[in-house]
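Visitor: Please take one part of this model and go through it closely. I would like the contacts spelled out.

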Amino acid sequence: MTQKFGLSVALATPFDGNGDIAIDVMIAQARRCLAAGCSSVTLFGTTGEGSSIGSRERDRVFAAFLDAGIAAKNIIVGVLVDAAEDAAMQADHALSKGARNILLAPPSYFKNVSDDGVFQWFSAVFAMLGDKARDIIVYNLPSLTMVPLTVSLIGRLRTAFPKIVTGVKDSSGDWPYTESLLKAHGDLIILIGDERHLAKGVRLGGQGAISGMANFVPRDVKLMAEEGKDDPRIEGFVAELLKYPVVPAVKTMVAHVMSEEIWLAVRPPLASISGEGQMQLALAFDKLFQSKAA
């Protein structure tokens, strides 16, 4: 039996006072999450502000992770760009270094595009990758991209590229969609991005998650992602997070749990949430979890 995907932490990216990536802090966070049971780390996803991190920065971070002894087989790389050439270049670099998977979002500048157009974009990326194309997890995040990956489009992609498109990360937050995706394509690696739906998705055949909350409660999310165990605390806290812009809210919680203010910084165009918002999130978290221990 093939081993299930498990839990990958959607690793947040810390920035220093100059706005540069604090790589040592990032590596320390990755090690904590792996030690807590995450099977991999996802670099440069949504929580990692991947759309704001350039190719040269990506190269430096990936190289530093390898130098620090974090195996490439435990690293997933997010690719969140519009030009097929740029997507292929970023994916090529990571795959050539041995990355476990590529988390590939559709192009998002143009809205109201057709399934045919999105299919052709993915096709162009895979053609440029050539023989290096493998282990692609397509990323459904319509709240940000405004480009939904329909169940039928995923069917077309897997039929056309059966050895390349191996999974879907569904961060739609739309349970009927998630349920239909699991029914139609349950033999793919289906990952649930919304922790409120994670446990029941796993019970229906989902293989785990790439989770932002795993940055600060990895052991708890692991039980949901690997065993399908409900956790009302996590489901309740997602509702609190969603009262704020998600990425700075997640980083607020990493700062709170780790007692490291460096995590509060985000890269423009994002902005940190207010001090009042930070305090309210921390209070809600402590009330639910009754401890700052991850």
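**A buried lysine and an annotated site**

Guide: Start with K251. Leaving out residues up to four places away in sequence, K251 touches A12, T13, P14, F15, E49, W263, A265 and V266. Contact here means heavy atoms within 4.5 Å. The model is predicted, so local features need pLDDT of at least 70 and side-chain atom pairs count only at pLDDT 80 or more, while totals for chains, interfaces and linings use all residues. Residues are numbered from 1 along each chain as its sequence is written, and side-chain values use heavy atoms, without hydrogens or water.

K251 lies in helix α11, residues 246-258. Helices (H or I, at least four residues) and strands (E, at least two) are DSSP runs, numbered from the N terminus. K251 counts as buried because its relative accessibility is 0%. Buried means under 20% relative accessible area, with a 1.4 Å probe and protein chains only.

Now the annotated positions. An unreviewed UniProt entry places the feature "binding site" at T47 and I210. UniProt positions follow the numbering used here, feature names are shortened, and annotations may be inferred rather than shown by experiment. The two positions are spread over 164 residues of sequence, yet they cluster in space, with a largest C-alpha distance of 10.0 Å. T47 and I210 are both in the lining of the largest pocket. A pocket is an open set of points on a 1 Å grid over the protein atoms alone, where a 1.4 Å probe fits, with protein on both sides within 12 Å along at least five of seven lines; lining residues have an atom within 4 Å of a point.

Take T47. It sits in the loop between β2 (40-43) and α2 (55-67). T47 counts as buried because its relative accessible area is 10%. Beyond its neighbours within four places in sequence, T47 contacts A10, L11, A12, T13, G212, N215, V247 and V250. A12 and T13 are also on the contact list of K251.

Then I210. This residue belongs to strand β8, residues 208-211. I210 is buried, since its relative accessibility is 1%. Setting aside residues up to four places away in sequence, I210 touches F5, S8, A10, T42, L103, K169, L191, I192 and G193. A10 contacts both T47 and I210.

Key. Buried < 20%, exposed > 50% of the residue type's maximum accessible area, 1.4 Å probe, protein only.
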